[in-house]
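Here is a friendly walk through one structure, meant to be read with the model open beside you.

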Amino acid sequence: MSSGNRFNGLIVLYILIGLVYGMGQARAEENIDNFALSPEQLLDAKVMSASKTSEKLLDAPAAIYVLSNEDIMRSGATSIPEALRIVPGVQVTRINANSWAISVRGFNSTISDKLLVLIDGRQVYDPLYSGVYWDVQDTMLEDVDRIEVIRGPGASLWGANAVNGVINVITKTAKNTQGDLASVALGNQDRSIVEERHGGKLGDDGYWRVYGKYLQRDDGKTPQRADAYDGMTADRGGFRADWKGNDTARDNFTVQGDMYNNDTSSLTNVSTFTPPYSQTQVQNITARGGNLLGRWNRTLSDDSRVTVQSYVDYTARDQLSLGYQRTTFDLDTQYELPSWNRHKVIVGGEYNYAGDQLATTQFVTIPGTTIDIQNISGFIQDKITLEPKTWFLTLGTKLERNDYTKFEVEPNASLQWHPDEKQMVWTSVSRAVRTPSQIEHDLTLTAGIFPFGGGLAEYQLVPNKAFNSETLVAYEVGYRNQLTPKLMLDVTGFYNDYNKLSAIAFLSPNLSVSPAIFPLIINNDGIGETHGIETLLEWRAHDTLNLSTSYSLLDAHLRNPAGETPVTSQGSSPEHQFNARALWDITKNTEFDTTLYYVSSLPSYNVDHYWRFDVHWGWRIINGVQFDLVGQNLFDGSHREFLTPTSVNTTEITPSIYGKLTWHF
Amino acid sequence: MAFLIRKIFLVTLLPLLMISFQSSAYGDMDISLHEQEIKAGLLYNFLKYIDWPPDSTTANSSRVTICVFGDDPFNEYLKPMEGRSVNQQGIALVTVHTIHEVSKCRLLFVNSSQKEQWPQIIKYTTGKNILTVSDFENFADSGGMIEFGRKDEHISVYLNMGAVTTAHMHVQERLLKLVTIVHPPTEGG
C-alpha cells in the first residue's frame, strides 16, 4: 500500500514541523498576560478555538457531536454535505459534483431514508422518497453557527425519519452577522463561489441580514474517463431578522427566508421501447425553491419557555423521469414547563402538510395529479432527577398520526450517571419508525424495458398501499470523560434491531398485455441488526494545536426472504471509518489544518477502501481580510466513493484545489 | 502522479515557507487568546474602569472580592487574578453557590449554567453595588449589567446602562467607547 507509506511520511513531516514551530510558539504564548492587556487589546483579540466539549454535549444522554463554525471554515468544505465528513460516525459519500449519499449507522443510499435533516428547524427531507436532495441544501457557510449531529434515534423528540440520526444545521443570529462580508473562491472543481452578506440594525433591539451566493462547479469524469456532465450552477439568497418584543424582554422573534435556483445535470439511463431499450442520456435537472419561517420564543419564567414556529417551503424539481412541485406547511410548538419537584417536562406538538403536484411522465404514473400528506404529532419528555447532579432518568414519547400508517408510537428511555463533573455514563432504549414514502405507497414507475418472447416486457414498480413503517428498537450505551481540561474522550456503542425493512419482491408477471408487465413491489419483508462502536478523542495538545481523531465500526446483518432484494443492502456502508484532524495556529494570523480520512470498502458497490487527505491554510493578511488555500482529496489520484462503475451518474473523486479571499468590512 | 505529488507539496509547503515572513512582519500586530482568557482579562479591566460609589459596602474593605456564581467556568484563566491588586486593593476570588453569599461581592460573574437562578439572584443584587456580569444570551436584557457576546471571532461587551446607573456606578469614558450600550425595557411593567 504505497499511498499509506506516503501518508506516514507526510504525517511525520507535519509532526516534526509542528514540534519545531510549536516550541517556538509556546514561549511566545506564555509571555502574554491577559491581565496586563488593555480593554482595547482584549476586545480586539481573536478568540482561539477552545475544546469543543460544551456542557450541553456532556449533559445529553445521546451520541451528540457539534460541528462549530470554526470547524466548518477550517475544514475547507464548500458545502454542507462535505462539512459533515468530519463528524464521527457519519458516512458522507460523494456520487458526483452535485449529489451525495449521507447516512449514519448504515443504510447508506442515494435515498438515505432513515436520517432527519433540519435547517433552522425546517425539515428538508423529501417525502417523495424520504431522502434529502443535498444539492439544494446550502447557505453561506460563514453564517452557519453550528451543525448538531445526533447519531441514533432522536424520534421521541424529532419524530419520523429520525431513525438512525438527526442532522440539525443552525445559522447564526442576525446579531452575530453584523456588517459586511464578501468572498470569492476560485478553484479547479469549485470554479467560482461568490458570496456577499450585509447585516444591520433594526430599531433598538433588532438585527437583520441579507445574503446572496453564486456557485459554479465543474464537470467531473466518469470511471471510464469520459465527461460526466455533472456540473452545477446555483444562485441563492436569503434574509434573517431577529428582534425582541416591545413591552417585555421575554419575547424573541425571528423571521427568515431563502430562495434558490439550481441548474445541474447528470448522466442517466433512460428506458426506451425501441432497441437498445436503454440509453445513456444527459439529463438536465432544474431545482427551484424558497422558504419563509417565523419563530416566536417567550420566556415565561426562569426555567420555562414556549416556542412557536411555522414555515412554508416551496420546492420544484424537473428532471428527465420526474417532475414535481411541493408546498409544505408546518406549525410546531414546544413548551418547557417550570421544574416541578424532580421533574423537568417538555411537551410539544407539530402539524405538517405537504401537497405534491407530480407530472406524469412516460415512466411515472401517479394516482390523480396531487398527493396530499398530513402528519400530526405530539411529544412529551420528562427528565427526572433521581439524585441531584448524579442520576437522571429521561422518559419520553412521541405519538404521531400520518395518512399512511395512522398512529405511530416512538418512546425513549434513557438513564445517565455522572460519577463526577468530568464524566458521564449513559444508556438508552428507543423505538423509532421510518414512515412510507410516496414511491413505496403511491407511484407506478417503469424500472426497465427488455425484449421478451418476440415482443417487449417492462419491469414496473407498482404501488403498495399496504406498505408499513420500518421499525427500529435501538439500544445504546455511552461514556464521556473530560479527562483533563484539554483532553476529551467520547465512546458510544449501539445495537439496532430493525423490523419490516423495505425489500423488493417480484409479483407474477402479466403476459396478456403488450408490453408484458413484470411487476415489482416494495414490501416490508426485510429484517436485520446492526451494531457498532463510535469513538472520539479530542486533545488540545497546545494553545496553538488542536488534535482530534475518531473511529467508527459498523457491523450490519440484514436478511430478507429468498428471491427478494433489500432496498438498501448491508454492504452499502463501510465497516470502518477513521479520521484524524490537526488544527494548528501557526502564528496569530496563519492557520494550517490537515485532515486524514479512511473509509473501508463497500462490497455492494465494488468500491475499494480509500484514504482522503485535506489541507487548509488560512492567512489573515490584515484585519478583516483573509486568504484561504484549500486542497482536498490530495495524493489519491482518483477514486469512486459510491455506486458501481456501471452506474452512469457516478464520477471519480479527484483532487480539488481552491483559493478564497474573504473581506469583513 | 509524481507531478501531482510535487504540485501538492508546493501547495502544502508554500504556506510553511510563508510563516517565517509572516511572524516577522505581523507577529505582534494581533493577539489571539482563549475565549475565557479574554473574558477574565475584561473582568479585571471592569474593576479598573468602573468606579464604585465611595459609600458602597465593599468600597472600603481591604480586599476586592470577585465572585463566580456556580462553578468557575474560566478553566485556569481567572485564578491568576487573585493576588493582583486594583486601586491599592488586593483581589480575592470566591465561588458562591447560594444567593446569601453574594453580599460581599463587588463583581459577580454568573456562570451560564446558573441561568435559571438569575431571576432570584437579581432580586438580591438590585439596590446593592454589585456589578453583575455573565455570558448567557439576554443577560443584559433581563437586568444584568454586562453581557459578554461574540461577534465573529471577537468578544463583544453589552452594557445595560440603566442598571449600572441605578447602582450608582460610573463607567469611565475609555471603557464606554468600547462597549455596546443596550437599553432593556423596564421590568415588571
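## Ground rules and confidence

This is a predicted model, in which local features need pLDDT of at least 70 and side-chain atom pairs count only at pLDDT 80 or more, while totals for chains, interfaces and linings use all residues. Residues are numbered from 1 along each chain as its sequence is written, and chains are lettered from A and ligands numbered from 1 in the order in which they are written.

The model scores ipTM 0.82 and pTM 0.76. Two residues are in contact if their C-beta atoms, placed from the backbone, lie within 7 Å. Where pLDDT is low, the predicted coordinates should not be read in detail.

## Chain B in outline

Chain B has 189 residues, of which 37% count as buried. Buried here means that 20 or more other C-beta atoms lie within 10 Å of the residue's own; exposed means 12 or fewer, and partly exposed is in between, with C-beta atoms placed from the backbone. The secondary structure of this chain comes to 5 helices and 11 strands. Helices (H or I, at least four residues) and strands (E, at least two) are DSSP runs, numbered from the N terminus. Among the contacts in chain B with a separation of 6 or more, 60% come from residues 24 or more positions apart.

## Two nonpolar cores

A nonpolar core is a set of buried Ala, Val, Leu, Ile, Met, Phe, Trp, Tyr and Cys residues joined through C-beta atoms within 7 Å. The largest one holds 67 residues, and Leu67(A), Ala83(A), Ile102(A) and Val149(A) touch the most other members. Not counting residues up to four places away in sequence, Val149(A) touches Tyr65(A), Leu67(A), Val87(A), Val90(A), Gly165(A) and Ile167(A). A second, separate core has 49 residues, including Leu33(B), Leu42(B), Leu43(B) and Val110(B). In soluble globular proteins, nonpolar side chains tend to be buried together.

How enclosed is strand β8 of chain A? Of its 7 residues (165-171), 5 are buried, so the strand is largely enclosed by the rest of the structure. Two strands pair if DSSP finds at least two bridges between them. Strand β5 (residues 115-119) of chain A runs parallel to β8(A) and is joined to it by 5 bridges; here Leu118(A) stands opposite Asn168(A). Strand β7 (residues 144-151) of chain A pairs with β8(A) in the antiparallel sense over 7 bridges, and the bridge partner of Val144(A) in β8(A) is Thr171(A).

Arg146(A) lies in strand β7 of chain A. Arg146(A) is partly exposed, with 19 other C-beta atoms within 10 Å. Leaving aside neighbours within four places in sequence, Arg146(A) is in contact with Val66(A), Leu67(A), Ser68(A), Asn69(A) and Ile170(A). From Arg146(A) to Asn69(A) is 77 residues in sequence, and their C-alpha atoms are 5.4 Å apart in space.

Thr177(A) is found in the loop between β8 and β9 (179-187) of chain A. Is Thr177(A) buried or exposed? Thr177(A) is buried, with 25 other C-beta atoms within 10 Å. Apart from neighbours within four places in sequence, Thr177(A) is in contact with Asp143(A), Lys172(A), Arg197(A), Gly199(A) and Arg209(A).

## Backbone geometry in loops

| Cis peptide bond | Omega |
|---|---|
| Pro275(A) to Pro276(A) | near 5° |
| Ser514(A) to Pro515(A) | about -5° |

Pro276(A) sits in the loop between β13 (251-271) and β14 (278-301) of chain A, and Pro515(A) in the loop between β26 (487-506) and β27 (516-542) of chain A.

In chain B, Asn87(B) is in the loop between β4 (85-86) and β5 (89-96), and Gln88(B) lies in the loop between β4 and β5. Asn87(B) is not a glycine, yet its phi is positive, near 50°. Gln88(B), also not a glycine, has a positive phi of about 60°. Asn87(B) is exposed, with 10 other C-beta atoms within 10 Å; Gln88(B) is exposed, with 6.
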